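Let's take a friendly walk through two kinds of interface, one inside a chain and one between chains. Here is the structure to keep open while you read.

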Amino acid sequence: MNLSLVVWRQKGAQTPGRFERYEAKDVSPDLSFLELLDVVNEGLITQGIEPIAFDHDCREGICGSCAMMINGLAHGPQPAVATCQLYLRHFKDGETITIEPWRAKPFPILRDLVVDRSAFDRIIQAGGYVSVNTGEAPEANSIPVPKKDADMAMDAAACIGCGACVAACPNASAMLFVAAKVAHLGRLPQGRVEAKQRVDQMVDAMDREGFGNCTNHYECMDACPKAIHVKAIAFMNREYRFPRRKPGT
Amino acid sequence: MRLTSSLGRKYVMALSGVLLLGFVVAHLAGNLLVFAGPEALNAYAKKLRLLGPGLWAARLGLLGLAAVHVVTSIQLAIENRRARPQPYAVVRHSASTLAGRTMVLSGLLVLAYLVYHLAHFTWQTAHPAVAHLTDSSGRHDVYRMVVLSFQQPAIVLAYVLGVGLVGLHLSHGIGSSCQTLGVTNERVVEAVRRAGRLIAWALFLGYAAIPAAVLLGVVA
């Protein structure tokens, strides 16, 4: 199949960027989207053009590196996958695909499609952890965890910190990311102890980074490659108001 | 919890919004007395006026709520704009609605309409022809003011647009407040969103029924 790519090219953080058009001729529909960029880059290198810079690592949807906006959708049109798991068969032959970096003030562009997401690291540093050593896994029945809590914690823990929620949010809000961490740790007994200070500190850190404010559009949930539900945001809203006392509620 | 944080101000928005919604519902309930005839509506209007300090407390309360709601929303909207200085070249929406994305605009238009609406029915300065009417028992004739007003198509158009914007605003606002106040979960989040839209439609139709009834001659 043939595809036209319109790609954001930007040399560095301080230099202005612009879109460039590249043609991908006779590519297999079975290529992943990142493999398409690899093929295009090989062509660019033989022409003496600087290849397109993009983040990628595991290429199996668990590292959260491959961040890009494809035709206005974070990680492209397929639901619940990262860009690395998006295949060309989901596009039409001859289609023009616009590829942009995540756009949010707290995610400054470093080069082309690569943005600096260390704002997320600073939010995690503010409280997204359990500060005591919990030792080995305890005997399974010694600390009962209600199924409701275990389910929500596991769903939220699927967050790979890719930033698609911020990229897709019309307000560039990081609520789904922060809520996922708050729900993941706050619903389990080990994380419960520090729940109150965690949510306060992480919200403060989120605000300090300059993310926008949540207006409940729910674009984040559709964009999330792990399909994390906005129920996590409702949980964080409750936690912020008054932390719950009893498990399973 | 700090009320000045992003989450705290979302709470301020949701709570003030819910309380203002309470007024929109109560106001509609009062207005619908027009269908019960001149006696019921004029007596109700008189009763409200006789509340005296209570009426003023309610008015000041509503004014305060509206001020908080508007000022906070503008502050949040400016921050949201700053959070994405460079927009995307291609914008696609999958979950958000037009109502949700135009909350600031619909809210400000409602505010503008509200000023005119007060000038029309409360201060009675916008349309002198229908102002300061009295009925046979010497009360302010609200009924005749409403009927004479809504016999003019331009007033009806402005009114329907105004309550239409209120409906649009609420169609996102009701569901959104529930999520902000944390009363939703996975099972009900979509139902809450739909119920919010339904309530907004019901309120719009309730308000729009009044000029419609006057134009159709049901209320005369």
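## Interfaces within and between chains

The C-alpha centres of domain 1 of chain A and domain 2 of chain A lie 28 Å apart. Domain 1 covers 3–111 and domain 2 covers 118–241 of chain A, with bounds that come from an automatic or database domain assignment. Keep in mind that this is a predicted model, in which local features need pLDDT of at least 70, side-chain atom pairs count only at pLDDT 80 or more, and totals for chains, interfaces and linings use all residues. Residues are numbered from 1 along each chain as its sequence is written, chains are lettered from A in the order in which they are written, and side-chain values use heavy atoms, leaving out hydrogens and water.

The table sets out the two interfaces. Contact means heavy atoms within 4.5 Å. Buried area is the accessible area (1.4 Å probe) that two parts lose on being put together, summed over both.

| Interface | Residues in contact | Buried area | On carbon and sulfur atoms |
|---|---|---|---|
| Domain 1 and domain 2 of chain A | 15 residues of domain 1, 19 residues of domain 2 | about 1,200 Å² | 65% |
| Chain B and chain A | 39 residues of chain B, 48 residues of chain A | about 3,700 Å² | 50% |

**Between the domains.** On the domain 1 side, A:A80, A:P106 and A:F107 lose the most area to domain 2 of chain A, together 37% of what that side buries. Two residue pairs are in polar contact here, both residues at pLDDT 80 or more. Such a contact is a pair of N or O atoms within 3.5 Å; within protein, one must be able to donate a hydrogen and the other to accept it, and residues adjacent in sequence count only if both atoms are side-chain atoms. The domain 1 side divides into twelve nonpolar, three polar and no charged residues.

**Between the chains.** How many salt bridges does the rule find across the interface of chain B and chain A? There are two. A:D204 forms a salt bridge with B:R2, where the closest N and O atoms are 2.6 Å apart. By class, the chain B side has 13 nonpolar, 16 polar and ten charged residues.

Note on methods:
A salt bridge is a side-chain nitrogen of Lys or Arg within 4 Å of a carboxyl oxygen of Asp or Glu. Ala, Val, Leu, Ile, Met, Phe, Trp, Tyr, Cys and Pro count as nonpolar, Asp, Glu, Lys and Arg as charged, and the others, Gly among them, as polar.
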